Amino acid sequence: MHYSRSSLAVFQSGIELLIQRSLQQITVLNAIRHYGYDEPRLHQMQALNADLLKLAETVEQAKKDRQALFKEKRRMYAAIKRDYMRYLKLTRILLAEDKNAVKVLMLNGIRERKLKDFTFQMTTFVSNLLNSRDWLNALSVYNISPEDLRSLDARLKDLMRLDGQCNEAQNEVKRLLIQRKKKLLEMQRQVSDFVKVLRIALEQQSNLLAGLGLTTKNKD
């Protein structure tokens with residue numbers, strides 16, 4: 001009985017069924033009690049399996065939360081980039097001959113690909129525009145107002161906060177996966193030992209092994 005041969009849900013369901021059947025059959029209990037597998041120990045295995053199930057559910061929810069955050073981040077980023085690029089192109093038209101504006105507003109060159117670097121370009125552009133009345137007046141020709149730029153600045157801050165939340169969500173999923181792996185390995189070890197003991201204890205009672213869902217051959 002191994003997780004690698006089935007889905008985690010099937011693996012856990014199989015464990016629960018095996019333990020329940022062992023607990024329900026007094027003949028099986030009497031046979032394995034000699035090897036240290038009494039009812040309290042079987043219940044401990046059940047508890048570990050239940051913990052693993054809860055952890056698996058937590059992992060799946062964390063993945064869904066992460067997916068939702070990244071989806072919102074992509075949506076927000078696309079909308080901000082669209083507005084920024086429109087403002088940037090218009091500003092290039094108006095201030096192409098203003099060397100200081102070209103430098104300070106980072107009008108020339110390619111736009112960065114990494115979110116952190118691209119956000120820096122956008123933030124620099126917006127904040128420096130808002131600090132220049134002359135440049136703002138020039139942009140008013142294209143109906144770009146200070147309010148438009150302040151709104152973009154606020155959205156940029158929201159994007160960076162969301163990016164931080166995405167990183168936290170990613171780290172949380174990684175943490176939970178590591179925790180699940182450790183607990184799963186412990187569960188596999190305990191079940192493997194238990195199955196081996198069952199085969200030894202019930203070696204002469206193949207019908208009982210079959211009732212537990214085990215074959216007489218050692219395939220665990």
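**Exercise 1.** Find which residues of helix 1 meet which residues of helix 7.

Solution. Step 1: on the helix 1 side, the contact (heavy atoms within 4.5 Å) involves Leu8, Phe11, Ile15, Leu18 and Ser22. Step 2: their partners in helix 7 are Arg180, Leu184, Met187, Gln188, Val191, Phe194, Val195 and Leu198. Step 3: sorted by class, the contact of helix 1 with helix 7 holds 10 nonpolar, 2 polar and 1 charged residues. Here Ala, Val, Leu, Ile, Met, Phe, Trp, Tyr, Cys and Pro count as nonpolar, Asp, Glu, Lys and Arg as charged, and the others, Gly among them, as polar.

The model is predicted: local features need pLDDT of at least 70, side-chain atom pairs count only at pLDDT 80 or more, and totals for chains, interfaces and linings use all residues. Residues are numbered from 1 along each chain as its sequence is written, and side-chain values use heavy atoms, with hydrogens and water left out.

**Exercise 2.** Describe the geometry of helix 1 against helix 7.

Solution. Step 1: two packed helices are described by the angle between their axes and the distance between the axes. Helices are DSSP runs (H or I, at least four residues), numbered from the N terminus. Axes are lines fitted to C-alpha atoms, for helices over the stretch in contact, and angles run from 0 to 180 degrees between N-to-C directions. Step 2: for helix 1 (residues 8-24) and helix 7, the angle is about 40 degrees and the axes are 12 Å apart. Step 3: helix 1 is therefore oblique to helix 7; angles under 35 degrees count as roughly parallel, over 145 as roughly antiparallel, 65 to 115 as roughly perpendicular and the rest as oblique. Step 4: helix 1 passes helix 7 in a left-handed crossing, a term for a near helix turned anticlockwise from the far one by less than a right angle, with right-handed used if clockwise.

**Exercise 3.** Are helix 5 and helix 7 roughly parallel or roughly antiparallel to each other?

Solution. Step 1: helix 5 and helix 7 pack at about 155 degrees, their axes 10 Å apart. Step 2: the two are therefore roughly antiparallel, and their crossing is left-handed. Step 3: residues of helix 5 in the contact include Leu115, Thr119 and Met122, while those of helix 7 include Leu152, Leu156 and Met160. Step 4: the contact of helix 5 with helix 7 divides into 11 nonpolar, 2 polar and 3 charged residues. Step 5: take threonine 119 of helix 5 (residues 115-130). Threonine 119 counts as buried at 4% relative accessibility; buried means under 20% relative accessible area, exposed over 50%, partly exposed in between (1.4 Å probe, protein chains only). Threonine 119 touches Leu156 and Met160, residues up to four places away in sequence not being counted.

**Exercise 4.** Work out which residues of helix 2 are buried and where they lie on the helix.

Solution. Step 1: Val28, Leu29, Ala31 and Ile32 are buried in helix 2. Step 2: seen down the axis of helix 2, the buried residues fall within an arc of 165 degrees, so they line one face of the helix; the arc is that of the directions from the helix axis to the C-beta atoms. Step 3: these buried residues pack against helix 1, helix 3, helix 7 and helix 8 (206-211). Step 4: for helix 7 (residues 146-201), the axis comes within 9 Å of that of helix 2 (residues 26-33) and the two cross at roughly 100 degrees. Helix 2 and helix 7 are therefore roughly perpendicular. Step 5: Val28, Ala31 and Ile32 of helix 2 make the contact with Phe194, Leu198 and Ala201 of helix 7. The contact of helix 2 with helix 7 has 6 nonpolar, no polar and no charged residues.
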